[in-house]
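Subject: Structure handover

Hello,

Here is the structure I said I would pass on. Please have it open while you read the notes below.

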Amino acid sequence: MNDNRAIDGNLSSCLEYNAQPGFTEDDIAKVLAIFEGQNDEDDWRWIIQLNDNRFVYLKGGCDYTGWDCQSWAESTVHETVEKP
């Protein structure tokens with residue numbers, strides 16, 4: 001994990017190989033929740049709080065070779081963490 005923001009290696013790699021519009025790893029204040037995925041199976045999911053107090057739902061996955069080969073991610077940015 002990177003510092004006290006709870007950024008794990010999968011999140012870091014996901015963002016490195018699948019840049020998202022509107023935020024980067026540097027914009028993350030804290031990871032609030034993680035659903036652990038598995039290569040070629042379940043996707044990873046993260047709920048992230050940004051430095052500007054917006055929230056991101058990020059979902060991504062990769063094949064058996066890892067994030068640097070066949071991977072994808074999509075995100076949505078929200079003003080609150082609560083479901084609308």
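This is a predicted model: local features need pLDDT of at least 70, side-chain atom pairs count only at pLDDT 80 or more; totals for chains, interfaces and linings use all residues.

Residues are numbered from 1 along each chain as its sequence is written, and side-chain values use heavy atoms, with hydrogens and water left out.

Helix α1 covers residues 9-17 (helices are DSSP runs of H or I with at least four residues, strands are runs of E with at least two, and both are numbered from the N terminus). Its buried residues are Leu11, Ser12, Cys14 and Leu15 (buried is under 20% relative accessible area, exposed over 50%, partly exposed in between, with a 1.4 Å probe and protein chains only). Viewed down the axis of α1, these residues fall within an arc of 160°, so they line one face of the helix (the arc is that of the directions from the helix axis to the C-beta atoms). Their cover includes β1 (28-35), β2, β3 (55-62) and β4 (71-78).

Gln20 sits in the loop between α1 and β1 and counts as buried because its relative accessibility is 10%. A polar atom of the Gln20 side chain lies 2.9 Å from the backbone oxygen of Asn18. Neighbours within four places in sequence aside, Gln20 is in contact with Leu15, Leu58, Ala73, Glu74 and Ser75 (contact means heavy atoms within 4.5 Å).

Trp67 is in the loop between β3 and β4 and, at 7% relative accessibility, is buried. Its C-alpha atom is 6.5 Å from that of Tyr17, although the two are 50 residues apart along the chain. Leaving aside neighbours within four places in sequence, the contacts of Trp67 include Cys14, Tyr17, Trp44, Trp46 and Trp72.

The structure holds 1 salt bridge (a side-chain nitrogen of Lys or Arg within 4 Å of a carboxyl oxygen of Asp or Glu). The side chains of Asp52 and Arg54 form it, at 2.7 Å from N to O. Asp52 counts as partly exposed because its relative accessibility is 46%; for Arg54, partly exposed as well, the value is 23%.

Regards

How values were computed: A polar contact is a pair of N or O atoms within 3.5 Å; within protein, one must be able to donate a hydrogen and the other to accept it, and residues adjacent in sequence count only if both atoms are side-chain atoms.
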